[in-house]
Amino acid sequence: MTVDPFAPHALHALHTTPGIAAAATDLTKVYGSGDTQVVALDRVGIGFREGEFTAIMGPSGCGKSTLMHCAAGLESPSSGSVRIGTTELGTLDDRQLTQLRRDRIGFIFQAFNLLPTLTALENITLPLTIAGRRPDQQWLDRVISMVGLSQRLDHRPAQLSGGQQQRVAVARALASRPAIIFGDEPTGNLDSRAGAEVLGFLRDSVRELGQTVVMVTHDPVAAGYADRVVFLSDGRLADEMTRPTPDRVLDRMKALDPRSRTS
Ligand SMILES: Nc1ncnc2c1ncn2[C@@H]1O[C@H](COP(=O)(O)OP(=O)(O)O)[C@@H](O)[C@H]1O
Ligand SMILES: [Mg+2]
């Protein structure tokens, strides 16, 4: 018999399952109290396999960003636990958590968040510079050539298009060869052509470099680049799909969110 480590009854087994880059168990996040209390996440259990590209989808306000922020150690859960590799985030103090985020997690945001006074190359290597780590030059060369930035390393962000800036951000996220990369609507500010490029690079980083990527998106086309789509609804895991296509994702979204039905 094969055991599916992602089945709810097997969640405790996640802690001993190899090949899991990150996992959340019974993750609950409550904002505010009393009348203004919001349950943003309600006992979510989820694992992200190494070398897999996962898209997180769901209607606005369903908890996608909260899940990503808790899984990445940017916010602490109200209850439940998160681990990156075999490290339980709840056991770390602030300094250790900052270090773990810096060394083992890559981030890509909707707003590219590049430093305007630094060149593309300086932006890409900034997290390593801050950590006092010497870049693995071979790895860095691969990453830079994969995202097609070799000719633009001396440019500052203002001299680059939005798509090029987000490629710098992708390279920056990959530079430290993190255990997992989280992106919150990484193509939200890009036109469809630039968005497709960035999604292609994220997929290449999974296929060719073996990276693990988790991306929040509301775009079925973007989700079509992933290996797996996880659907959230009202802070709960509502559904899951493997080998998604944009059409199948759209159908599932309509079924899960009656508001998105137009007729
Ligand atoms: N810092 C916060 N304080 C209070 N409520 C919050 C905060 N962040 C998010 N929320 C609420 O939690 C719910 C989930 O938000 P979020 O994770 O941002 O959703 P999504 O990313 O899916 O749009 C929403 O109802 C939102 O208003
Ligand atoms: Mg969000």
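## Helix packing and the open sheet

H3 passes H5 in a right-handed crossing, as seen in this predicted model. Helix H3, which spans residues 120–131, packs against helix H5, residues 162–175, at an angle of about 30°, and their axes are 8 Å apart. Because angles under 35 degrees count as roughly parallel, H3 is roughly parallel to H5.

On the H3 side of this packing, Ala-120, Asn-123, Ile-124, Pro-127 and Leu-128 take part, and they meet Val-168, Ala-171, Arg-172 and Ala-175 in H5. By class, the residues of the contact of H3 with H5 comprise seven nonpolar, one polar and one charged.

The model also holds an open sheet of six strands, ordered S6-S7-S8-S3-S9-S10 and mixed in its pairing. Strand S6 (105–108) and strand S10 (236–242) are the edge strands, each of which pairs on one side only. From one strand to the next, the twist averages 20°. Within this sheet, strand S3 (residues 53–57) and strand S9 (residues 228–233) run parallel and are joined by four bridges, and Met-57 stands opposite Phe-231 in S9.

| Helix | Strands it lies across | Direction |
|---|---|---|
| H1 (residues 64–71) | S3, S7 (180–184), S8 (213–216) and S9 | about 155° to S7 |
| H8 (residues 246–256) | S3, S9 and S10 | about 160° to S10 |

Technical notes. Residues numbered from 1 in each chain as written. Chains lettered and ligands numbered in written order. Predicted model: local features only at pLDDT ≥ 70, side-chain atom pairs only at ≥ 80, totals over all residues. Heavy atoms only, no water. Axes fitted to C-alpha atoms, helices over the stretch in contact; angles between N-to-C directions. Helix = DSSP H or I, 4+ residues; strand = E, 2+ residues; numbered from the N terminus. Parallel < 35°, antiparallel > 145°, perpendicular 65-115°, else oblique. Left-handed = near helix turned anticlockwise from the far one by under 90°. Contact = heavy atoms within 4.5 Å. Nonpolar A, V, L, I, M, F, W, Y, C, P; charged D, E, K, R; others polar. Pairing = 2+ DSSP bridges.
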